[in-house]
Amino acid sequence: MFPIINIGPLAIQSSGFIIILGIWFGISSIEKNYHKFILSQKNFMTDIYWALFSIPIFSRISYIIQYLNDFLDHPKSIFSPNLSLFDPLSGVILSAILLLILLKKDKISIESSINAMTSGISLFLIFYFISLLANGEYYGISTTVPWGIVLWGVPRHPLQIYYAIAFMGIYFWIRNSLRTNLINDLFTKFIVAISIMFIFLDFFRGDNQNIVGGIHIIQVLGLIALIISLLKLNLKQKTNSTDYAE
Amino acid sequence: MDIFKKYQPQVSIMIVILSIIWIGFTSYESFHRDPSILNSPQVGFLAPNFELKDLQGNTQKLSNYTGKPIMINFWASWCKPCQVEMPAIQNSFQEHYPDIIFLSVNSTKQDSISAVSEFVKNKQLDFPVLLDIQNAVGSLYRIQALPTTYFINSKGVIQEIIIGGPMSETLLEIRLQNILEENDVSNN
């Protein structure tokens with residue numbers, strides 16, 4: 001675990017800094033590459049920023065809705081800066097919906113937008129898994145491999161590092177695709193890659209609560225995403241070759 | 001790339017088959033994995049046991065409260081956020097004790113017993129204040145910032161850790177309700 005930085009009354013976890021760095025690099029990557037996907041659509045980045053800024057607002061609103069009675073008793077807490085009073089998952093989902101609405105309003109192709117965001121998402125996820133290492137979360141099962149790291153009293157698979165390295169590999173593949181202009185269905189290919197990664201790596205997860213009778217739910221979800229993405233890619237290839245033949 | 005495109009359907013089927021085989025193999029392995037939970041100051045682990053004397057000189061042992069939800073608050077009398085959140089903790093104690101056990105561990109190595117006694121008297125705190133004179137419990141729980149608060153369910157498993165503060169009364173109430181609800185579910 002990385003240290004906590006104490007500044008006066010504030011106890012700032014280094015994982016927060018890593019997440020902010022990840023967002024910054026991710027946005028920079030999208031900004032650098034989006035013109036390859038969306039021509040003359042200047043509102044695209046503005047929509048991204050709106051969606052990004054809405055995440056904390058939606059996260060807080062979702063949290064308030066879940067615990068409405070408690071907030072009605074202490075309404076001042078609505079504006080509390082405490083990060084424990086957020087629901088980040090709901091915030092991200094609602095912001096994604098907002099982004100879709102904004103893109104639709106600006107008549108920007110949603111498929112091209114998702115493809116344009118792929119490099120940024122993969123870059124952000126490298127930092128996200130490093131932040132999990134900083135927090136001591138998402139740790140691996142105990143192991144005797146020489147590269148195991150001692151966490152919570154026993155040597156464990158450095159699962160967060162496995163994921164960070166895997167996402168680094170995916171990011172460099174995406175960067176290469178952008179350079180060589182092999183950008184068709186980039187997001188679908190990205191989903192194929194991360195599905196395979198989650199199917200393979202989730203077995204090594206030590207803090208996994210989502211196991212039913214030995215079956216890892218993440219692996220099953222990964223398999224479903226993998227099949228759908230591969231079907232989409234194959235159908236598209238078939239359609240393209242039929243069009244070409246005609 | 002051309003070869004991959006040529007054989008894309010076959011490669012796709014192969015990837016799916018290999019994934020299913022891997023999921024099957026790992027499910028078998030996971031099913032036979034030791035499900036016991038280790039003691040560690042981390043969410044999802046059993047809260048490490050400790051024994052400390054309180055301000056009145058009574059020995060308090062965490063394991064004595066097994067079967068009840070517990071809130072442990074690490075603090076010091078000079079720490080501003082700790083001072084701010086104490087009245088909220090006292091209110092919650094009055095509302096939830098004895099359904100929830102409240103233990104406040106003072107980092108006495110960086111405080112003084114007289115300052116702690118005065119603080120407890122001024123704030124009229126009724127819950128047990130334990131004195132961590134050697135910082136043994138602080139080290140055991142790897143406390144890096146004050147205040148730090150642990151919410152432990154009735155099975156002794158750490159459900160949430162809040163680092164820093166002050167905790168608002170709303171936040172405190174929500175977290176206490178969560179550990180209480182889990183207690184009710186396991187009792188039923």
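Chain B is divided into domain 1, covering residues 2-31, and domain 2, covering residues 51-187. The C-alpha centres of domain 1 of chain B and domain 2 of chain B lie 50 Å apart. The model described here is predicted. For chain A, the mean pLDDT is 87, and 91% of the residues score at least 70. Among the elements of chain A, the lowest mean pLDDT, 64, belongs to strand S1 (residues 4-7). The highest mean, 95, belongs to helix H7 (residues 186-201) of chain A. Where pLDDT is low, the predicted coordinates should not be read in detail.

The contact between the two chains involves 36 residues from chain A and 33 residues from chain B. On the side of chain A that touches chain B, several elements supply at least two residues each: the strands S1, S2 (10-13) and S6 (215-216), and the helices H3 (68-73), H7 and H8 (217-245). Helix H8 of chain A provides the largest share of this side, with 7 residues. Sorted by class, the side of chain A that touches chain B consists of 19 nonpolar, 15 polar and 2 charged residues. Strand S1 of chain A, one of the contributing elements, is also the element of chain A with the lowest mean pLDDT, whereas helix H7 of chain A, another contributor, has the highest.

Within chain A, the packing of two helices was examined. Two packed helices are described by the angle between their axes and the distance between the axes. The axes of helix H1 (residues 14-33) of chain A and helix H5 of chain A come within 8 Å and cross at roughly 170°. Angles over 145 degrees count as roughly antiparallel, and H1 and H5 of chain A are therefore roughly antiparallel to each other. The residues of the contact of H1 with H5 in chain A comprise 16 nonpolar, 10 polar and no charged residues.

Helix H1 of chain A also contains A:Ser28. This residue, A:Ser28, has 13 other C-beta atoms within 10 Å and is partly exposed. Between A:Ser28 and A:Met45 there are 17 residues of separation in sequence and 10 Å in space, C-alpha to C-alpha.

In chain B, the bond from B:Tyr97 to B:Pro98 is cis, with omega near 10°. B:Pro98 lies in the loop between helix H3 (80-96) and strand S4 (101-106) of chain B. The bond from B:Leu146 to B:Pro147 is cis as well, with omega near -5°. B:Pro147 is placed in the loop between helix H5 (136-140) and strand S6 (148-152) of chain B.

Positive phi values were found in residues other than glycine. For A:Lys107, phi is near 55°, and this residue is not a glycine. A:Lys107 sits in the loop between helix H4 (88-105) and helix H5 (110-135) of chain A. Because 8 other C-beta atoms lie within 10 Å of A:Lys107, and 12 or fewer is the limit for an exposed residue, A:Lys107 is classed as exposed. For B:Asn135, phi is near 60°, again a positive value in a residue other than glycine. B:Asn135 belongs to the loop between strand S5 (129-131) and helix H5 of chain B. With 13 other C-beta atoms within 10 Å, B:Asn135 is partly exposed.

Methods. Residues are numbered from 1 along each chain as its sequence is written. Chains are lettered from A and ligands numbered from 1 in the order in which they are written. This is a predicted model: local features need pLDDT of at least 70, side-chain atom pairs count only at pLDDT 80 or more; totals for chains, interfaces and linings use all residues. pLDDT is the predictor's confidence in each residue, from 0 to 100. Helices (H or I, at least four residues) and strands (E, at least two) are DSSP runs, numbered from the N terminus. Two residues are in contact if their C-beta atoms, placed from the backbone, lie within 7 Å. Ala, Val, Leu, Ile, Met, Phe, Trp, Tyr, Cys and Pro count as nonpolar, Asp, Glu, Lys and Arg as charged, and the others, Gly among them, as polar. Domain bounds come from an automatic or database domain assignment. A residue is buried if 20 or more other C-beta atoms lie within 10 Å of its own, exposed if 12 or fewer, and partly exposed in between; C-beta atoms are placed from the backbone. Axes are lines fitted to C-alpha atoms, for helices over the stretch in contact, and angles run from 0 to 180 degrees between N-to-C directions. Angles under 35 degrees count as roughly parallel, over 145 as roughly antiparallel, 65 to 115 as roughly perpendicular and the rest as oblique.
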